[in-house]
Amino acid sequence: MKKDKLKPMLFSVMKTYDGKKLATDVISGIIVAIIALPLSIALALASGVGPEQGIYTAIIAGFIISFLGGSRVQIAGPTAAFATIVAGIVAKSGMSGLALATVLAGAMLIIMGFLRLGSLIRFIPYTITTGFTAGIAVTIVIGQIKDFLGLTYPAGTVTIETTEKVEAVFNNFGTINTEALIVGAVCLAVLIIWPYISEMIPGSLIAVIVGIAMVKGLKMDVNTIGDLYSISNKLPQFHAPDFSFEMIKNVAPDAVTIAILAAIESLLSCVVADGMINSHHRSNMELIAQGAGNIGSALFGGIPATGAIARTAANIKNGGRTPIAGIVHSIVLVLVLVLLMPYAALIPMPTIAAILFMVAYNMCQWRTFVHLCKTAPKSDIVVLVVTFVLTVVFDLVVAIEIGMIIACVLFIKRMSDESVVSGWKYYDPEEDPDGVDLKEIPKHVRIYEISGPMFFGDADRLAGVHFKDFTKVIIFRMRGVPALDASAMHAMEQLYERCKEAEIQMVFSHVNEQPMKTMEKCGFVEKVGRENFRKHIDDAIEWASKMAD
């Protein structure tokens with residue numbers, strides 16, 4: 001396999017860059033910026049921060065990740081996957097705690113890239129990524145019900161956890177604002193119908209325009225962003241987080257979560273993009289870029305960022321083929337921030353909720369979820385459902401940790417079930433004429449066939465090896481054993497001691513490379529005798545037959 005370069009893709013594609021590519025990249029970058037504008041604001045509000053924080057993230061992280069990234073077409077910025085995590089960190093540790101957690105996560109991502117851990121993404125089970133993605137989608141929907149219905153909560157109502165949000169919705173359902181519901185429903189209808197009318201202009205932008213027109217034109221009593229948040233069109237400014245030991249200790253678990261999720265989502269986005277443009281990304285360089293982008297975002301007032309599949313797909317669809325498109329997207333957003341940001345105060349909150357409902361729907365993969373529940377093995381369904389439920393009820397940290405533990409335990413169980421240590425059956429040629437083609441085995445020789453990997457999950461199977469009083473040699477046929485771990489090796493040594501005590505010689509047939517290296521390293525080969533390791537079963541049987549002569 002070709003080694004993954006630690007070289008930004010931008011530097012490679014510029015060798016053949018021309019005016020035609022620049023034109024398509026600029027057009028695509030402008031279109032993606034228009035798409036990113038309402039999404040960045042909506043995701044920032046869902047994350048419990050101000051609307052400008054979402055723009056800052058798309059500008060800073062988007063620019064750095066496109067400049068340094070390992071993908072030709074990746075567009076980065078705030079994503080729905082981080083919304084509930086960020087909201088929880090802000091509620092617990094404030095913006096300073098979020099900035100520190102994001103900087104630490106960025107450092108972890110850079111280290112992961114330099115250690116070339118990009119390929120480890122394939123070890124995250126698909127059921128876990130599907131489960132927590134669907135779970136995040138549900139939490140986003142639950143978090144936006146309040147604004148969509150225009151509910152009013154009493155002062156002091158705590159709505160940090162998802163369960164608390166559900167409880168608050170039920171307790172205050174009587175405060176529903178009909179006008180807010182109408183605005184939200186109309187905007188949601190626009191988002192659903194508009195793609196069938198035109199794909200040139202994003203539906204989210206049309207929904208924003210319709211929402212503002214309804215509230216202002218009809219003088220509806222509906223909260224807007226300006227009613228709840230102060231809007232700033234200032235450029236991002238440098239803010240150093242609190243690097244105290246106590247704060248680092250408090251946010252370290254959150255930093256790990258951000259790093260893992262950023263790695264998973266960005267690399268998954270790269271894989272999807274590769275399939276769309278028939279290319280190949282540099283996973284380790286992408287991790288380094290994600291780390292640098294998140295550090296830059298945190299230091300300039302932004303929130304965690306990662307590759308956004310929807311915006312990346314839009315970039316590809318509109319002709320973007322190099323990182324220049326992502327850089328243009330960030331520059332356009334700077335102009336939008338300075339010139340148009342004050343107008344964001346007019347956007348109704350139900351419109352933001354409707355946009356996030358569509359984001360949640362598009363990310364939930366409900367068809368995939370249902371398909372897995374119908375077709376996957378029971379163990380995979382358990383991992384899928386448990387990860388989904390834990391993401392909704394608790395949080396992503398608990399979901400991934402427990403999901404991975406369950407997945408590993410079930411994998412070990414499955415592999416253990418595949419491992420078999422079975423003795424060959426003996427036939428009397430006179431009583432069983434159908435066995436004439438079977439191998440002729442001397443009476444004093446017993447043969448055991450071992451199949452599957454031998455590891456701690458099934459090392460005790462060797463304890464089931466039995467022998468008769470007249471047994472002088474036991475042959476272990478190991479052609480079906482690809483790997484042998486320390487626990488299985490210990491069990492093999494215990495079996496050797498049993499055989500030695502009974503004056504029985506062990507002979508091995510067709511030991512594969514990894515088990516042989518393990519046996520040599522611990523001195524087992526020399527203990528048994530190198531001459532007792534034979535290449536083929538026939539050779540082993542012939543060798544064992546001579547031992548009785």
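**Exercises on a predicted model**

Four bridges join strand β3 (residues 420-423) to strand β4, and the two run antiparallel. The structure is a predicted model, in which local features need pLDDT of at least 70 and side-chain atom pairs count only at pLDDT 80 or more, while totals for chains, interfaces and linings use all residues. Residues are numbered from 1 along each chain as its sequence is written, and side-chain values use heavy atoms, with hydrogens and water left out.

**Exercise 1.** Describe the pairing of strand β4 and its burial.

*Solution.* Helices (H or I, at least four residues) and strands (E, at least two) are DSSP runs, numbered from the N terminus. Two strands pair if DSSP finds at least two bridges between them. Finally, β4 (residues 445-451) is mostly covered, with five of its seven residues buried. Buried means under 20% relative accessible area, exposed over 50%, and partly exposed in between (1.4 Å probe, protein chains only).

**Exercise 2.** Determine where helix α4 bends and how its span compares with that of a straight helix.

*Solution.* The expected span is 1.5 Å times one less than the number of residues. Helix α4 (residues 80-114) has 35 residues, for which a straight helix would reach 51 Å. The end C-alpha atoms of α4 are only 27 Å apart. Next, locate the bend, the angle between axes fitted to the seven residues ending at a residue and the seven starting there. In α4 the bend is about 120°, at Ser 93. Just after α4, Arg 116 takes a positive phi of about 55°.

**Exercise 3.** Characterise the surroundings of Ser 40.

*Solution.* Ser 40 lies in helix α2 (residues 19-46). Its relative accessible area is 0%, so Ser 40 is buried. Contact means heavy atoms within 4.5 Å. Leaving aside neighbours within four places in sequence, Ser 40 is in contact with Gly 54, Ile 55, Ala 58, Pro 78 and Arg 311.
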